[in-house]
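I opened this notebook page to record what I looked up in one structure. The entries follow the order in which I looked.

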Amino acid sequence: VKASNSLSFSLQAKMSRPVQARRLEGIDKNIWVEFVKLAATYSKVNLGQGFPDFPAPDFLTEAFTRALSGGNHMLHQYTRAFGHPPLVKVLAQFFEKLLGRDLDPMTNVMVTVGAYQALFCCFQALVDEGDEVIIIEPFFDCYEPMVKMAGGTPVFVPLRPNPPKDGKLMSSADWQLDPAELASKFSERTKAIVLNSPNNPLGKVFSRGELGLIAELCVKHDVLCISDEVYEWLVYDGKQHIRIASLQGMWDRTVIIGSAGKTFSATGWKVGWVVGPNRLLQHLRTVHQNSVYHCATIAQEAVAQGFQRELMLYGKPESYFVQLSKELQQKRDWLVQSLDGVGMKPIVPEGTYFLVADISQFKSDVPDVPSSDEPYDYRFTKWMVKNKGLAAIPLSAFYSEAHKNNYTNLIRFCFAKEEATLKAANDILQKWKQEKTS
Ligand code: PMP
């Protein structure tokens, strides 16, 4: 008996040791885990998380089927670690066109498990303990924990809204950086800035002037640019997506990040990529080869074929990239109309498939709890999905802790949805509006 007692004592003693690595402190909460579950439980219409509910294009799914059962059984095996050769080759050809420079598919391109892993490789490879990384708010939420996991310190700079004076709807272009404020964030501690244009959640497409300002500061302070361009093809009203890497002095210090999930409406495939100079990518390859090693061969093969098609049809009306942005612009306009019609003022996005709307006129339905730690927009979106069946995402989820409470009257909708889904959302909003006024 004695022997077994001492054994259980020693086992217990071992289990009391902290298990969590220090780098995980304070980053355990994740908006998507919580809101995906809420949407799955309560939503009738899900305009929350960013993914299309319409099918990926036939040419892409057919390419996948061919890769799966087309007779080349080697496509079921490992491929090259840093990217399946046909995919890195066609990506290099495509980006040569877009950037107007020669690219080596083996050293200037790397394939990743979605843009998420591309981001993770960037922060792990380029950011050290004590480095500062500038993040423009509002931002895709994972930038902050990823910087912290790398030992870096995020430094936030906000896009500031300037409401239009003429009573027009606000546009994402009305959210701008204050040049002096931006400049004040750069110092000798700054290692990198994260740029996301078109921006999730606002849909802002940074202008050449704004990108020029960022580029100038990067060159002046010898700072790297992690340029998340996953929505590069989703720009509206004839706007142009400008790649900061094409500005003077920027190629050598920029990593461009892309995603087949967004580009070909197939978010579940998790194929992403980075394009950039070898002096940066060689370090991303070190992280990649020591973490995931490589991504699913068949998905890479199918995406390669998708890009080959798009390269052939580049700029033509049959191009999927051209068609998708046209279709999404129409969907954006429907949602803008629905929201404006009920007084949930939309901020018209210039790009992405997201739209931010002001819920101030609906606040009387969802009273605030002043003592609560939870920002009001969280409370509102949770109430909305539970009581109205409509899922959206609170905008404050895209802000740092210190600035969360500055923007609690705004929520984000995703409009990459079938016409029927957007109609169902409109019905919910109309009914809600009638209940309020009757
Ligand atoms: N960056 C941004 C700005 C995004 O919105 C997303 C997806 N929501 C990603 C990166 C991640 O993309 P992927 O699904 O390819 O990992």
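Predicted model: local features only at pLDDT ≥ 70, side-chain atom pairs only at ≥ 80, totals over all residues.

I took the annotation "domain: Aminotransferase class I/classII large" from the unreviewed UniProt entry, where it covers residues 44-425. UniProt positions are given here in the numbering used for this model, feature names are shortened, and annotations may be inferred rather than shown by experiment. Over residues 44-425 I read 37% helix and 16% strand, with the end C-alpha atoms 9 Å apart. Helices (H or I, at least four residues) and strands (E, at least two) are DSSP runs, numbered from the N terminus.

Residues are numbered from 1 along each chain as its sequence is written, and side-chain values use heavy atoms, with hydrogens and water left out.

I used N or O atom pairs within 3.5 Å. A polar side-chain atom of Asp 228 is 2.6 Å from a ligand nitrogen atom. Asn 200 places a polar side-chain atom 2.9 Å from a ligand oxygen atom. For Tyr 116 a polar backbone atom is 3.0 Å from an oxygen atom of the ligand. The ligand on its own has 400 Å² of accessible area, and the protein covers 92% of this (Shrake-Rupley method, 1.4 Å probe).

I traced an open sheet in the order β2-β10-β9-β8-β7-β3-β4, with mixed pairing (at least two DSSP bridges between two strands). Its edge strands are β2 (109-113) and β4 (153-158), each pairing on one side only. Neighbouring strands are turned by 25 degrees against each other on average, direction ignored. β2 and β10 (residues 271-275) run antiparallel and are joined by five bridges. I found Thr 112 partnered with Gly 272 in β10.

I read the order β11-β12-β15-β14 in an open sheet with antiparallel pairing. β11 (346-347) and β14 (393-394) each have a single partner strand, so one side of each lacks a neighbour in the sheet. Two bridges join β11 to β12 (residues 354-358), and Ile 347 stands opposite Val 356 in β12.

Definitions and conventions. Polar contact = N/O pair within 3.5 Å; in protein donor to acceptor, adjacent residues only side chain to side chain. Axes fitted to C-alpha atoms, helices over the stretch in contact; angles between N-to-C directions.
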